[in-house]
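Subject: Structure handover and notes

Dear colleague,

Please find below the structure that I promised to pass on. My notes on what was found in it follow directly after.

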Amino acid sequence: MPVAKKGFLDLTRWDFAQKGLVKLDGEWEFYPNELLGPDAFRSGRTASRYMDVPAPWDQDPAIMGKWGYATYRLAIQIAPSAELLGIAKKSVRMADQLYVNGRAFKPSGQVGVDRQSYTPGNIPGEAYFYVQGNQLEVILQVANYDYFTGGIGMPLSFGHSEDILFLKNVNTSLEMSASIILLLFGVFYLSLFFWFRNDSSLFFFGAYFLLASGMMFLGGTQRLFMQYFPELPFELSWSAKDFLSFATIPLLSLFTVKVYPAWKYKHVLLAPGIIFGFFCLAIILLPYRYYIQAMPIFHSASIVYYLWLLIVFLVLYARGNYGRFDKKEMRYFILSIYLLIFFLFQYFLVYASKSSSTLVGNLALLLFVVSITMMLANRYHDTFSSMLLLTRKLQAADQAKDEFLIRTSHELKTPLHGIINISQNLMERSGKQSVDETRDRLELIHHTAYRMSNMVNDLIDLAKIRDGTLDMQLKVVNVAACTAILFEVFSFLTKGKNIQLNSVISPNARYVIADENRLMQVLSNLVDNSLKYTDQGSITISTVLMGDVVTISVEDTGRGIPPQNKNSIFHPYQRGEGASELDNRGIGLGLSIVQKLVRLMGGTVALDWSKVNEGSRFSVSLPSATAPTADLPANAWEEVSLGMHESAASLAAASPSFSKEDKTILVVDDEVLNVEVLRHVLTLEGWQVVTALSGEEALKKISSALRLDLVLLDVMLPGLSGYDVCRAIRETHSLIELPVLFVSVRNSPADKEAGLSAGGNDFLSKPFDAKEVCARVRTLLTMKQLARESTLHEMAFLHSQIKPHFLYNALGTIMSLCYTDGAKAGELLGSFSKYLRIIFQMDNPVEIVELERELELVNAYVTIEQARFGKRLHVFVDADEQLLQRKVLPLTIQPLVENAIRHGVLQRIEGGSVFLSIREQDGGIQVIVRDDGVGMSEEQIQELLSRENTKDGVGVANINKRLYRWTGKRLSFESALGEGTTVVMWIPFLTGEYKLGQ
């Protein structure tokens, strides 16, 4: 920014429109003890001294003291301008008269050569004027007989009038907003005091904000009060401003004393407030020119006070003495003091003419208000939180009750409907299945009912424990026998999971004092909990004797427990978070019941260790016992070790291999019970069933060579949810190619919408009826079959289409060559024969063919057309040979080439060229057919896409429709009249060859 030198400022290169206002800083001509007007300088008066602006004029007391009068002058050269210009002044101490090019503007106060002829003002103002030519003379007469220093205290701004007015409005708005905000906070805290009269700190803090609001209104850089009420006496306005500035310190001292009522050194906090209180009294009683002499001392003292206060509170905070604050409130208060120091220091620099910007100070003041508000808000938040604590507990209990009822109903309904479906299956197949198969079904019903019984027993026991009516029959219990029975029950539930159940019972830690039924219940809950969150690995029950206590450990290699949940796992209605929300099962009472039952048996239960994705180990400690006399000797017992049970692959291999309809259905569910139910219901209808117990396993089977016709997909799966699996399926299979039937406990409209949005065809709610399952499956399979047959019939129709004109023209060409070139006629006849053979090959209609076969058709057609049109037609084929065995849609490439020839290049008299490119692109085959023919308009392209079949061949619209049905993508056209056309088709890598009837 330009700076004045020797009383001259060159602004000829300053673009006011782009750069805005310029500060008239630098060296001004200075005439001490003289009040010179424009006439004095017209007569040739020259400067002998210069003064830096802004700065106090008493830098050299030998030249100018703090009181007196002087004249400033600055010559400015600007580029000629017709704009209305202006000068804005903020602080000229304490009276001034401005002249611009000889024109006098409204003074601030009255300049004079002595106190009697002088009237103080120092009110911000603006002067607006037009400049003729490029020279500008600014003269400023200044007088001061009150303030402790005189001169130009803040920079003068010069520029376009609208910029000056905008800056004034912005500063006025900011200071007015700050004043109103402080006023509102003051009213707010005083209102709180009148509501809660037992807290006088609210009164002092509310009064503090009220005085701060008044200070901003009277003492800001715009001095709004003095601008709105200029007729008020100078002494009254400035004394009120200074009083409000310093009266805040006594109020803040009283506030700090109130928050530390028991501190033995609290008088240390009150002493500075008393000193500043006496200075405020002096402001009220003494004339302005007397008390103002002490202003620099108290300005500095106020900053020192806040620094001292900051140090005191930092020491108290470090010692843990928070007074009536809590720890967080103390932090906010310390931050507030720091921000207030920053604000005061910034304004001290401004009034000492060391800085001209108040932006940082205003920001610090705003943050101070926010910090104090957060401090008190935190206090009342704690009070309000304590009032709401009981309400929240009641709400949490009510919510837990509702969730408990929902979970309980689901956990009871699912196995009940499983039992109903299995028993119905047994009745319908009565006499048609072997004794072993019947025994397996009955065993499944037995185990399902057993788990339901345990769940109901948990609910009953929880009620009895709370009522104190649960009866315990303590006796010697054989832990090894309990473990063997328990693993027999749970062995079925590990079917299809790669989980090994191990029992390592130490011979000297085999017997405990416990209630046998309750110990079985405890171990059952622990093993069941491990099964829920273990996908593969092992679950081991072991014992060890430590003194007179036997510790029974249940260890798994599952998903583990997150650290944040370890303290709440034994609380009622708490479920594990090792899986997604859809994978959480159970009502959350298992571990809570375990803890209560073990305590009633005189033992303890604990979580020994748990690591995420590594596993967990729970231990139950019970009093040890010796073997009863009726039991077998200890060496008669052998350690029990149960191997890995059937995996999902073995379960699928056990499915019937023969089905009358030859349809294969993939059932995906993580509950073995549900898989068994669906498998037997579907095989009863004659369908082949393949199973998967997780989303990952399902995707592997879908991507294998196994051909599937339908997927029954459970939404609640470990790892990948059913929705994620369906989205992955839709990346490679369309809705018609592989229908997906969702199965879920949740059946709200939002759940159904989510399933259909993920790519599902239908939605079935658990628990389901076997007949409904079969009906929905049959509907989807029939829909798929009808869609496929419709497509193949359409293909058969397309194959039967023969282009009469092409046939006649080809035969005519061959006949003419017979007379002139027999060899060429024979070669052409061979190509024509190959073309007809491919077109008429209807014995084995297919939906997809090898790329090599489609290129044979293209080559045969092109050979015939080139023989007809000779040098008018040139066709270039560039095909990746590694793609020749890949599958594509039939009758797609040849019609595009034919369209390029007939409607593109042959429409030109001179003919043209057709380029066919076939390359691998983005996991598929990209086919590009480009010609340099007549091209097409956008309207012609749309008309072409609307005609599915022409009267003599396959239409482009038909190709576009089949392409979209298979791949979800359409043909891409680029064409310009007179330049040619480019058609791009992308086909993903297709597998298999689907024939009519499949």
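Pro 32 stands opposite Ala 70 in β6, and this pair belongs to the four bridges that join strand β3 (residues 26–32) to β6 in the antiparallel sense; two strands are taken to pair if DSSP finds at least two bridges between them, while strands (E, at least two residues) and helices (H or I, at least four residues) are DSSP runs numbered from the N terminus. Please keep in mind that this is a predicted model, in which local features need pLDDT of at least 70 and side-chain atom pairs count only at pLDDT 80 or more, whereas totals for chains, interfaces and linings use all residues. Residues are numbered from 1 along each chain as its sequence is written, and side-chain values use heavy atoms, with hydrogens and water left out.

Strand β1 (residues 8–11) runs parallel to β6 and is joined to it by four bridges, with Ile 78 of β6 as the bridge partner of Leu 11. Strand β12 (residues 135–144) runs antiparallel to β6 over 10 bridges, and here Leu 74 stands opposite Val 138. Because 10 of the 11 residues of β6 (residues 68–78) are buried, this strand is largely enclosed by the rest of the structure; buried means under 20% relative accessible area, exposed over 50% and partly exposed in between, with a 1.4 Å probe and protein chains only.

Two bridges hold the antiparallel pairing of β8 with strand β13 (residues 151–152), and Val 92 stands opposite Ile 152.

Turning to the nonpolar cores (sets of buried Ala, Val, Leu, Ile, Met, Phe, Trp, Tyr and Cys residues joined through side-chain atoms within 4.5 Å), the largest has 76 residues, of which Phe 255, Tyr 306, Phe 313, Phe 333 and Phe 368 touch the most other members. Helix α4 (residues 201–219) gives the most to this core, with 12 residues. Apart from it lies another core, of 42 residues, including Phe 490 and Leu 622.

Helix α4 also meets helix α3 (residues 161–195): their axes come within 7 Å and cross at roughly 160°, where axes are lines fitted to C-alpha atoms, for helices over the stretch in contact, and angles run from 0 to 180 degrees between N-to-C directions. That makes α3 roughly antiparallel to α4, since angles over 145 degrees count as roughly antiparallel, under 35 as roughly parallel, 65 to 115 as roughly perpendicular and the rest as oblique.

Finally, five strands form an open sheet with mixed pairing, in the order β28-β30-β31-β35-β34. The edge strands, β28 (873–879) and β34 (972–976), each pair on one side only. Within this sheet, strands β30 (residues 912–921) and β31 (residues 924–931) run antiparallel and are joined by eight bridges, Phe 915 having Arg 930 of β31 as its bridge partner. Helix α24 (residues 851–869) packs on the sheet, touching β28 and β30, and its direction makes about 165° with that of β28; contact means heavy atoms within 4.5 Å.

With best regards
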